[in-house]
Amino acid sequence: MPANNSYSKPDFWSQKAFKEGYPARSVYKLEEIDKKFGMVTKNCTVLDLGSAPGSWTTWLLRRLEGNGKVVSVDLNPLAKSVKGENLVFFQGDLLSEEIRTKIQENGPYSLVVCDAAPLTTGNRTIDTARSKALVDMAIWYAQTMLKKGGNFCVKIFQNGDQQKELQKMREIFTTAKGFKPEACRSTSFETYLIGINKKI
């Protein structure tokens, strides 16, 4: 069976990312989400969950223009190009007590973002279940670490109980909705859940 080459050929967004110095094309999804929903506020403290190689972290640092702070966390290291005086990076497991404590000590946060994807198997049922587990973890961080009025964005694989996750988020945020940015590949079944204005 011939391989699907749609992911190996650099598309418009991949080429744009390379030219603009971002480790990955995913940065334009966050840019579009911010333009539509006004996620980033002046001088805010942002938590970027599952951040490696660091495209979202890089974009957030540029967007904040040296103000505020970005706390970035992943099991893997960030790309060497990802730097900033207002960047705090922790390498470790987001489920570990040690990492949770370090993250909490650097909060509270005005924005929590998570573009983490599970290791995929090709089995859609398994992959969506793994995606849902990551979303649940990200929602826990948003509920626990965001200050009142804070915003939230997380990636989810479609069919991963999206409506149930949004229902949970509506208890936490004034507005919660799904959104698929243009920069998502047409073949991808990923989308994003957006939470605006944390209630308490």
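**Close-up views of a predicted model**

**View 1. Helix α2 and the residue after it.** Gly-38, with a positive phi near 60°, follows helix α2. Helices (H or I, at least four residues) and strands (E, at least two) are DSSP runs, numbered from the N terminus. This is a predicted model, in which local features need pLDDT of at least 70 and side-chain atom pairs count only at pLDDT 80 or more, while totals for chains, interfaces and linings use all residues. Residues are numbered from 1 along each chain as its sequence is written, and side-chain values use heavy atoms, with hydrogens and water left out. Helix α2 spans residues 27-37, and its buried residues include Val-27, Leu-30, Ile-33 and Phe-37. Buried means under 20% relative accessible area, exposed over 50%, and partly exposed in between (1.4 Å probe, protein chains only).

**View 2. Strand β4 and its partners.** In strand β4 (residues 109-114), 6 of 6 residues are buried. Strand β1 (residues 45-49) runs parallel to β4 and is joined to it by 4 bridges; Val-46 has Leu-111 as its bridge partner in β4. Strand β5 (residues 146-157) is also parallel to β4, through 5 bridges, and here Val-112 is partnered by Phe-152. Strands pair if DSSP finds at least two bridges between them.

**View 3. The largest nonpolar core.** This core has 29 residues, and Leu-47, Ile-103 and Phe-152 have the most contacts inside it. Its largest share, 7 residues, comes from α5. A nonpolar core is a set of buried Ala, Val, Leu, Ile, Met, Phe, Trp, Tyr and Cys residues joined through side-chain atoms within 4.5 Å. Leaving aside residues up to four places away in sequence, Phe-152 touches, among others, Leu-111, Ile-139, Met-169 and Leu-193 (contact means heavy atoms within 4.5 Å).

**View 4. Salt bridge between Asp-115 and Lys-155.** The side chains of these two residues meet at 3.4 Å, N to O. Asp-115 lies in the loop between β4 and α5 and Lys-155 in strand β5, so the pair ties together parts that are 40 residues apart in sequence. Both Asp-115 and Lys-155 are buried. A salt bridge is a side-chain nitrogen of Lys or Arg within 4 Å of a carboxyl oxygen of Asp or Glu.

**View 5. Salt bridge between Lys-132 and Glu-165.** The N to O distance in this salt bridge is 3.5 Å. Lys-132 belongs to helix α5 and Glu-165 to helix α6, 33 residues apart. Lys-132 counts as partly exposed because its relative accessibility is 23%, whereas Glu-165, at 0%, counts as buried.
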